[in-house]
Amino acid sequence: MAEEVKKSRPAPDPNSAKFKLGQIAAKAYSDAMEAKKRGEKIGWCASNFPVEIPATLGLYVCYPENQAAGIAARGGGERMCNVSEGDGYSNDICAYARISLAYAKLKEAPEQDMPMPDFMLCCNNICNCMIKWYENIAKELNIPMIMIDIPFNPDYEVSDAETEYIKAQFWDAIHQLEEITGKKWTDEQFKKVMEYSGRASRAWIEATSQAKYVPSPFNGFDLLNHMAVMVTARGTAQAGDAMETLLKEYIDNHEKGVSTFRAEEKYRIMFEGIACWPWLRVTSTGLKSRGINMVTTIYADAFGFIYDDFDGMCRAYANVPNCMNLEHSRDKRVKLCRENHVEGLLVHTNRSCKLWSGFMPEMSRQIGEACGIPVTSFDGDQADPRNFSEAQYDTRVQGLMEIMEANKGGNE
Amino acid sequence: MKGKELLAQLHEAASSPKKQLEKYLAQGKKVVAVAPVYTPNEIIHSMGLVPMGVWGADVEINEAKKYFPAFICSIMQTALELGIKGEYDGVSAIVIPSLCDSLKCLGQNWKYAVKNIPFIPMTYPQNRKPDYGKKFTKAGYARVISDLTIATGAQFSEFALAESIKVYNEHNAVMREFAEIAADADITAAARNDVFKSAWFMLPEEHTAIVKKLNEALKAGPKAKGKLRVLVTGILADSPSLLKIFDENGVKVVFDDVAHESRQYRTDVPDMENPVDAMAQKFADMGNCTLLYDPDKNRVDYIVEQAKAHKADGVIVLMTKFCDPEEFDYVPIKRACAAAGLKHLNIEVDRQMVNYQQAATMVQAFKEMF
């Protein structure tokens, strides 16, 4: 047997954005673990729950969606889904939820552990599936559930009635958490958190907008990893610092004419939907090998939580993807496509996400028409590896590439 | 009129909604379609409009595939399909609530797929019990009223609403009474469903009048004997093929927790000074439903309690395929049934089902367990 030759990886630069962002994401788990050991009460938190609330109160929370994505990316998705399905959960249910329900039962996963919760923080601005998922865990573990209901907005703007409803719930949630944890809300601390969140958000938006340059100074798949920090830690000073480092790197890349997209950028697409975490490498390679750079996703816009006051924060949480009507959702994507010189749209029809996929055919048709770009979809899943076909993906991406090539005049 | 004739009348209405629509239109009335699961029908009725239920149908899906991926439930898919194909032509508007993710998508798709029937959103709060929740419910009603006026020209008045609330509360009471009488009366599962289904296609006052007489006839009639008594739970239980399997196997529905059936009639509008406040209070009072925030999982306890109260031998879960809220609730229901010593059966149902052989085998096997 030939001796295994291991490539030694260069030590990561502790001043790089990648290192800093990785540290923040990892630290979120270890901090929560340590807090739990100290006897502090910790929560499980929905990804678009207003992080400003636990951050201001100084609470440690973990994000089951983030954990499920991590477990799926590291190959544990099917195993965990099987556990939930064995308990009677249908395989039609969101795979993040199935993984999370399995974790709530097993209380361990080698791919990504996190402490068991003392309370659940739910917000349904991404989907109503969250409600049922968190209800079941709260009931099973006999812990309190705090529910912030941000209804799907059928209108373009957030109404005053909705803002008022959200605001009342935010205060209700704050008071419930004060009671559960004994921690206190202060306006001074909220101001700080708001500033941190604004700083991180501005840097994130600015960094992702660097894809306006051709070629783009970054590979859009980077965003799928970096956004974890925007989800979980944007209310911290560290997140702002790391995002500003990221922005600086992207500006430097552009000036030096380099990119984290390690291939010649022949085509530029927008990727629509959550990543196929179990097939990240395959989906990434399928694009890179053809010189297709995914230059933008709705995440570039989604985590720009910039607001000036408490009311503004309430409205911001109603203006997240999956909470906006078709027209508003479409216009945000059209803007991203235009600003980033997108030549094609690749849509992930995500078996786990009814809301994200349920009006996507019509919306993507409208985006394609508005931008004059081809649209292709493929079937996949954010965390259950069984719902993806590499062959279908390859064929669809090839087809998209050929149309983009024809549009450039290459096939004439 | 005898019970049989009354049931035939309701069967006719349940199986020919188009005819009912044409009848109301011919009378010069305006009809408003209402999508699952809850809509403020009292308000629609009070404006002189006829609310008619839109729960899809057992039809093939073609056109709706352009809008929905395959993994959206067939109730949404077929409702959209029928809309696209013109089955609802003549309807003035459709009210679609956003109580589940698929309903949110139905509303968005409707705007582009069925352009001749305006979409009116009804946004309910999940935190419906606190005062701020009730206030938001009222904002949702105000939106519906305003959109209905634009779509139909009809005007709203609190006085008329108060009158409609009385009509609906009476209908609720009559339907609740029917469910209780039907638990022991000699009535088939198919006929029981006709009573509930027809309610979606008739004015409540007309339906109340018939069901009142039916209740009297059933009370005086023979009782069912030697049947397997079950509580049925789910979103929808209107498949003729499936109900036939129940009837052929001596399975008697003694109570239901079906969204299309009894869940509609559990909660009355309370007597309050302002009828709009009373409507919001009704929504706040509602519960035991998978689509309404239920952190204590009261629905699960409710199913077990009702099964016991109605002397059910077991519980049949009719699981609408791709209905994730119901799929989440299934596991706690299953566990609660086991803890209470109630046998249960889970049958996946779909408006696209053609072959019911598997369901028949499951029902036969379930019966043999007793």
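Reader: What makes the meeting of the Asp155(A) and Arg143(B) side chains a salt bridge?

Author: The N to O distance is 2.6 Å, and a salt bridge asks for a side-chain nitrogen of Lys or Arg within 4 Å of a carboxyl oxygen of Asp or Glu. In all, eight salt bridges are counted between chain A and chain B. A word on the background: this is a predicted model, where local features need pLDDT of at least 70 and side-chain atom pairs pLDDT 80 or more, while totals for chains, interfaces and linings use all residues. Residues are numbered from 1 along each chain as its sequence is written, chains are lettered from A and ligands numbered from 1 in the order written, and side-chain values use heavy atoms, without hydrogens and water.

Reader: How do you know which residues belong to the contact of chain A and chain B?

Author: Contact means heavy atoms within 4.5 Å, and 51 residues from chain A and 49 residues from chain B take part. The buried area, which is the accessible area (1.4 Å probe) that two parts lose on being put together, summed over both, is about 4200 Å² here, with 58% from carbon and sulfur atoms. On the side of chain A, Lys132(A), Tyr165(A) and Lys354(A) lose the most area, together 17% of what that side buries.

Reader: What counts as a residue pair in polar contact between the chains, and how many are there?

Author: The rule wants a pair of N or O atoms within 3.5 Å; within protein, one must be able to donate a hydrogen and the other to accept it, and residues adjacent in sequence count only if both atoms are side-chain atoms. By that rule there are 27 residue pairs between chain A and chain B, both residues at pLDDT 80 or more. Elements that give two or more residues to this side of chain A include helix 6 (129-141), strand 4 (145-148) and helix 7 (160-181); helices (H or I, at least four residues) and strands (E, at least two) are DSSP runs, numbered from the N terminus. Helix 6 of chain A gives the most, eight residues.

Reader: Why is chain A described as having domain 1 and domain 2?

Author: The bounds come from an automatic or database domain assignment, which gives domain 1 (27-183) and domain 2 (188-407). Their centres, taken over C-alpha atoms, are 23 Å apart. In contact are 42 residues of domain 1 and 43 residues of domain 2, and the area buried between them is about 3600 Å². Glu52(A), Phe152(A) and Tyr156(A) supply 19% of what domain 1 buries there, more than any other three residues.

Reader: Why is Asp92(A) called buried?

Author: Buried means under 20% relative accessible area, exposed over 50%, partly exposed in between (1.4 Å probe, protein chains only). Asp92(A) has 2%, so it is buried. Asp92(A) lies in the loop between helix 4 and helix 5 of chain A, and its side chain makes a polar contact with that of Arg351(A) at 2.7 Å. Among the residues that Asp92(A) touches are Lys354(A), Lys321(B) and Glu348(B).

Reader: What makes helix 9 of chain A largely enclosed?

Author: Of its 13 residues (221-233), 12 are buried, so helix 9 is largely enclosed by the rest of the structure. The buried ones include Phe221(A), Asp222(A) and His226(A).

Technical notes: Lists of a residue's contacts leave out its neighbours within four places in sequence.
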